[in-house]
Amino acid sequence: DILIIFSVAVPTSFIFHKFKLPPIIGLMATGALIGPSGLELVHDFGRINLLAEIGVALLVFSLGLEFSLKHFGEVKLVSILGGLLQIVATTAVGFAIGSVAGLNWREGLFIGCALSLSSTAIVYYILSQKRHVDSPYGRISIGMLIMQDLSAIPMIALLPIIAAPAGLSGSTEVLQALFKAAIVLSAFFVGGQFILPYVLHQITLTRSKELFLITILIIALGFGYLTSVLGLSFALGAFLAGLMVADTDFRFHALSEIAPLRYCFNSLFFVSIGMLVYPPFLASHWWWIIAIALALPLIKATIVAAIIFLFRYPINVATMAGLALSQVGEFSFLIAIVAKQQGVISAFLYELTIAAAFITILITPAIMIISPKIAKAVEGWCPILNRCAKRGAAISAEHLKNHVIICGFGPLGSSVGHILEQAEKDYLVLELNPATVRRLINKNANRPVYLADGASAEILYKSGIERAAVLAVTSPDYMNSMAIIKQARGMNPTLKIITRSRFKNQVEDLYAAGADIVISEELEAGIEMGKYILIHMGLDESTINQYSQTVRAFGSADFF
């Protein structure tokens with residue numbers, strides 16, 4: 001069965017990749033094709049589900065290993081607080097829809113929880129492919145996805161309690177749940193603080209990669225088994241095990257060793273998701289499927305965008321993030337499976353949830369492709385909302401002349417600003433992160449700072465683009481940089497435009513868009529590394545500079 005799965009999955013995922021679709025969708029399509037409702041090539045479905053459960057455990061174990069507040073960066077407020085608000089709001093809307101549809105409170109709560117989660121795997125893949133991970137909407141989307149993934153763990157853990165006949169009102173069930181939680185937390189604290197660091201240190205001293213990997217698997221699956229024996233979720237234990245290991249010095253070692261196994265078992269998980277899809281149900285309830293495909297992404301996108309907008313982000317950023325998180329995620333499948341096993345939901349609701357997740361994940365790539373156009377249209381339809389999100393310093397840019405406009409004030413932009421301050425040159429900042437804008441205004445109330453997108457003609461005009469000497473586009477978002485450069489070049493043909501490129505293949509496109517100077521990070525990093533290597537090897541500075549000029553003139557660090 002495993003041979004059949006991977007033999008079909010590789011060409012299927014390859015074809016999907018050729019059409020610039022995530023391989024994960026190819027894996028799900030593989031499951032639907034060879035599963036019990038398809039060609040029936042796989043017979044031992046129970047055993048595949050067992051392997052898929054191991055895949056989920058390794059997935060959440062890795063999530064625990066990777067979890068850090070540093071993931072949220074400067075968007076932590078909207079990621080953490082906004083993410084929680086989104087989960088609560090979507091759950092409430094789902095519960096309300098369930099109540100109107102005549103479902104009981106358990107089913108309504110399940111619907112809300114399942115709909116509140118989005119697909120981390122799909123969204124992160126598409127953002128990486130489009131190189132939008134570092135864009136404002138990309139950072140916010142990833143931060144909120146992390147919060148959703150973390151929230152899925154307690155959702156799954158609470159399902160057995162919700163399924164109990166007395167629900168949350170039964171004092172015996174509550175006491176039992178508290179007792180189980182105390183056992184798990186005690187094992188988590190004692191193991192993480194005292195036992196695990198010592199054990200991993202001793203295992204590492206053997207210098208055996210095999211022994212270390214086996215030990216990590218024992219920790220991940222063993223803690224998962226402990227929580228499952230206590231009647232809690234297997235995934236909850238695996239996640240807590242990841243947090244335990246993350247607190248030690250062996251975090252990244254564990255992450256690198258577990259990665260190959262994680263990818264293989266995760267593939268089985270996504271294939272098993274595809275096997276859950278029942279085509280006859282889709283065919284007989286096609287009107288439900290069409291309604292879900294149209295209404296669900298719209299509802300989720302609206303909720304997410306509204307919450308992000310409340311944190312004073314521009315309407316276009318909020319809209320694109322909302323559309324990115326508009327699908328139902330892979331953890332929703334897991335919640336549906338557990339809910340069905342616990343008797344929380346009916347067979348019809350289970351099939352409907354599986355279909356909703358499958359369909360919305362399938363259409364996500366198309367939604368994210370057209371999301372910039374939708375965001376631009378929404379920005380045009382709602383000029384009042386767009387102005388509400390834009391805040392600036394008390395001082396305007398009307399007095400500035402021969403100044404520098406810096407688009408993006410992250411680490412690179414702030415370095416440029418610091419150099420300009422030392423040279424006593426005027427500059428203005430356009431930044432999409434409200435936290436950065438607030439910090440700059442508090443630091444220097446006389447500095448013109450706008451919470452706005454440099455691709456907007458209105459904002460560039462207010463920034464004095466026609467009187468400016470230089471435009472420095474320091475944002476890491478390639479597509480946004482292209483839009484800013486094209487807009488600015490059209491408004492001021494004599495303006496000097498300097499920008500960055502993270503990758504060599506972006507350089508020519510940025511020059512074609514109208515940039516005068518493109519700083520290639522790959523090229524400059526290669527030159528700097530080569531320079532320090534030669535200094536260490538005793539070469540004189542004039543010779544090193546000559547070599548650097550040769551590389552720079554060639555225009556690439558890979559001319560060897």
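Start at aspartate 516, which at 33% relative accessibility counts as partly exposed. This is a predicted model. Aspartate 516 sits in the loop between α22 (507-513) and β6 (517-520), and arginine 489 in helix α21 (residues 478-491), so the pair ties together parts that are 27 residues apart in sequence. Arginine 489 is buried, at 18% relative accessible area.

**Stop 1: the other salt bridges**

The model has 3 salt bridges by the rule used here. Select arginine 500 and glutamate 521. Their closest N and O atoms are 2.6 Å apart. This pair links distant parts of the chain, 21 residues apart: arginine 500 is in strand β5 (residues 496-501) and glutamate 521 in helix α23 (residues 521-536). Arginine 500 is buried, with a relative accessible area of 17%. Glutamate 521 is partly exposed, at 27%.

Now go to glutamate 257 and lysine 209. Glutamate 257 is buried, with a relative accessible area of 16%. Lysine 209 is exposed, with 54%.

**Stop 2: the cores**

Hide the surface and select Phe110, Ile216, Val245, Ile308 and Phe333. These residues have the most contacts inside the largest nonpolar core, which has 123 residues. Helix α7 (residues 136-163) supplies the largest share of this core, 14 residues. A second, separate core has 26 residues, among them Ile405, Ala455, Met482 and Ala515.

Go back to isoleucine 308. Beyond its neighbours within four places in sequence, isoleucine 308 is in contact with Val78, Ile140, Met144, Tyr313, Ala318 and Ala321.

**Stop 3**

Select leucine 127 in helix α6 (residues 120-130). Is leucine 127 buried or exposed? Leucine 127 counts as buried, because its relative accessibility is 0% and the cut-off for buried is under 20%. Show what surrounds leucine 127. Setting aside neighbours within four places in sequence, leucine 127 is in contact with His132, Val133, Tyr137, Gly138, Ser141, Ile142 and Met368.

For a distance check, pick the C-alpha atoms of leucine 127 and alanine 355. They are separated by 24 Å, and the two residues are 228 apart along the chain.

Step across to serine 141, in helix α7. Serine 141 is buried too, with a relative accessible area of 0%.

**Stop 4**

Most residues other than glycine have a negative phi.

Take arginine 312. Its phi is near 70°, a positive value in a residue other than glycine. Arginine 312 lies in the loop between α13 (286-310) and α14 (315-324). It is partly exposed, with a relative accessible area of 31%.

Then take glutamate 424. Its phi is positive, about 60°, although it is not a glycine. Where is glutamate 424? It lies in the loop between α18 (411-422) and β2 (427-431). Glutamate 424 is exposed, with a relative accessible area of 72%.

**Stop 5: a nonpolar patch**

Bring the surface back. Select Phe189, Val190, Phe194, Ile195, Tyr198 and Val199. Together they form a nonpolar patch on the surface, with about 620 Å² of accessible area. Focus on isoleucine 195. It lies in helix α8 (residues 171-205). Isoleucine 195 is partly exposed, with a relative accessible area of 49%.

**Last stop: cysteines**

How many disulfides are there? The count comes to 0. Cysteine 113 counts as buried, at 16% relative accessibility. Cysteine 264 is partly exposed, with a relative accessible area of 43%.

Methods: Residues are numbered from 1 along each chain as its sequence is written. This is a predicted model: local features need pLDDT of at least 70, side-chain atom pairs count only at pLDDT 80 or more; totals for chains, interfaces and linings use all residues. Side-chain values use heavy atoms; hydrogens and water are left out. Patches are made of residues with over 30% relative accessible area and no salt bridge: like charges are joined within 9 Å, nonpolar side chains (Val, Leu, Ile, Met, Phe, Trp, Tyr) within 5 Å. Accessible areas come from the Shrake-Rupley method with a 1.4 Å probe; for residues, only the protein chains shown count as cover. A salt bridge is a side-chain nitrogen of Lys or Arg within 4 Å of a carboxyl oxygen of Asp or Glu. Helices (H or I, at least four residues) and strands (E, at least two) are DSSP runs, numbered from the N terminus. Buried means under 20% relative accessible area, exposed over 50%, partly exposed in between (1.4 Å probe, protein chains only). A disulfide is a pair of cysteine sulfur atoms within 2.5 Å. A nonpolar core is a set of buried Ala, Val, Leu, Ile, Met, Phe, Trp, Tyr and Cys residues joined through side-chain atoms within 4.5 Å. Contact means heavy atoms within 4.5 Å.
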